[in-house]
Amino acid sequence: MRAPILMAVATLLLAAGCATETAPASMPAPKSGAISDITVRVEPTRLAPQAQGLPRVAKVEVSDIRQRVHSERTTIGGVSMGRIVIEPDELEIVRALVQAKADAALARLRPRSVPTIYVGVREFGVLTPATVLYWDVTAKVDLVLRVGGQDRVAAGAKTERTYWWPSEELVQGVTDEALRQVAAQAEKALAELLSGG
């Protein structure tokens with residue numbers, strides 16, 4: 001019983017040692033004890049500003065249909081170095097972005113009635129897969145928008161390669177850029193859906 005446990009511990013220590021020893025001098029591995037969560041604070045009003053004096057009229061319902069809810073910083077071998085916490089909650093961010101774009105579209109189109117906009121969050125996550133040489137800090141957001149039985153997709157993805165430990169600032173920038181793309185695509189998709197196109 002003790003032999004398999006000792007073997008598992010030795011394997012883990014060896015893997016941890018390899019992860020730090022194989023990193024080149026230009027890409028320092030995180031210091032021991034560097035495991036920590038980081039927080040990405042998203043400001044939806046900065047990414048999709050609500051027009052001055054524009055009333056909130058859109059009816060937006062958001063559902064989380066992700067297969068996997070996962071955001072974290074990892075190092076070689078997929079070893080977790082801490083969660084990436086997104087604030088406010090991902091569904092709140094999506095609701096605010098879609099609300100702002102839908103209100104703007106409704107103000108332009110002036111339909112007789114205001115339909116409900118259903119939003120499915122298929123993906124919203126930030127990961128930092130690593131190789132011996134670098135990390136790819138990647139944010140992906142994928143939404144499906146439905147109005148009156150018609151669907152459109154709004155998606156955004158951004159990857160930044162870094163040869164240093166993925167910083168909070170880098171993770172923040174990548175996340176914001178993916179969400180900017182989503183907001184732009186949602187604007188176009190909602191214009192089509194709400195005009196009956």
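What percentage of contacts in the protein chain between residues at least 6 apart in sequence join residues at least 24 apart? The figure is 75%. Keep that value in mind while reading on. The model described here is predicted.

## Overall layout

The protein chain has 197 residues, and buried residues make up 38% of them. Its secondary structure comes to four helices and seven strands. Read from the N terminus on, the elements run α-β-α-β-β-β-α-β-β-β-α.

## Two aromatic pairs

A pair of aromatic rings is described by the distance of the centres and the angle of the planes. This structure holds two aromatic pairs. The table sets them out.

| Pair | Centre to centre | Angle between planes | Type |
|---|---|---|---|
| Tyr134 and Tyr163 | 6.0 Å | 75 degrees | edge-to-face |
| Trp135 and Trp165 | 5.3 Å | 75 degrees | edge-to-face |

Why is the pair of Tyr134 and Tyr163 edge-to-face? The planes of the two rings stand at 75 degrees, and an angle over 60 counts as edge-to-face.

Now look at where the partners sit. Tyr134 lies in the loop between strand E5 (116-128) and strand E6 (135-147). Tyr163 lies in the loop between strand E7 (150-162) and helix H4 (168-194). These parts are 29 residues apart in sequence, so the pair ties them together. Tyr163 is partly exposed, at 43% relative accessibility.

The tryptophan pair also links distant parts of the chain. Trp135 belongs to strand E6, while Trp165 is in the loop between E7 and H4. They are 30 residues apart. Is Trp135 buried or exposed? Trp135 is buried, with 1% relative accessibility. Trp165 has a relative accessible area of 21% and counts as partly exposed. The cut-off for buried is under 20%.

Arg161 lies over the face of its ring, 3.7 Å from the ring centre.

Ile86 is part of strand E4 (residues 79-87). Its relative accessible area is 6%, so Ile86 counts as buried. Which residues does Ile86 contact, leaving aside its neighbours within four places in sequence? They are Val40, Val42, Ser71, Ile93, Phe124 and Val126. Take Val42 as an example. Ile86 and Val42 are 44 residues apart along the chain, yet their C-alpha atoms are separated by 7.3 Å.

Thr175 sits in helix H4. Thr175 is buried too, with a relative accessible area of 1%. Beyond residues up to four places away in sequence, Thr175 touches Val40, Val42, Val126 and Ala139. Thr175 and Ile86 are 89 residues apart in sequence. In space, their C-alpha atoms are 9.3 Å apart.

Thr75 is in strand E3 (residues 72-75). Its relative accessible area is 9%, which makes Thr75 buried. Setting aside neighbours within four places in sequence, Thr75 is in contact with Met81, Ala130 and Trp135. Trp135 is the buried member of the tryptophan pair.

Thr116 lies in strand E5. Glu61 is 55 residues away from Thr116 in sequence. The C-alpha to C-alpha distance between Thr116 and Glu61 is 7.3 Å.

## A cis peptide bond

Where is Pro88 found? Pro88 is in the loop between E4 and H3. A cis peptide bond joins Glu87 and Pro88, with omega at about -5 degrees.

## One cavity

Rolling a probe the size of a water molecule over the atoms shows where empty space is left. How many cavities of 30 Å³ or more does the count give? The count comes to one. The largest cavity holds about 40 Å³ of space.

Its lining is formed by Pro44, Thr45, Ala48, Gln50, Arg56, Ala96 and Ala100. Helix H2 (44-47) and helix H3 (90-109) are the elements that give two or more residues to this lining. By class, the lining has four nonpolar, two polar and one charged residues.

Definitions and conventions. Residues are numbered from 1 along each chain as its sequence is written. This is a predicted model: local features need pLDDT of at least 70, side-chain atom pairs count only at pLDDT 80 or more; totals for chains, interfaces and linings use all residues. Side-chain values use heavy atoms; hydrogens and water are left out. On a 1 Å grid over the protein atoms alone, a cavity is a set of points where a 1.4 Å probe fits but cannot get out, and a pocket is an open set with protein on both sides within 12 Å along at least five of seven lines; lining residues have an atom within 4 Å of a point. Grid points are joined across faces, edges and corners, and a volume is the space filled by probe spheres set on the points. Ala, Val, Leu, Ile, Met, Phe, Trp, Tyr, Cys and Pro count as nonpolar, Asp, Glu, Lys and Arg as charged, and the others, Gly among them, as polar. Rings of Phe, Tyr and Trp (its six-membered ring) pair if their centres lie within 6.5 Å; planes under 30 degrees apart count as stacked, over 60 as edge-to-face and the rest as tilted. Buried means under 20% relative accessible area, exposed over 50%, partly exposed in between (1.4 Å probe, protein chains only). A charge sits over a ring if NZ of Lys or CZ of Arg is within 6 Å of the ring centre and within 35 degrees of the ring normal. Contact means heavy atoms within 4.5 Å.
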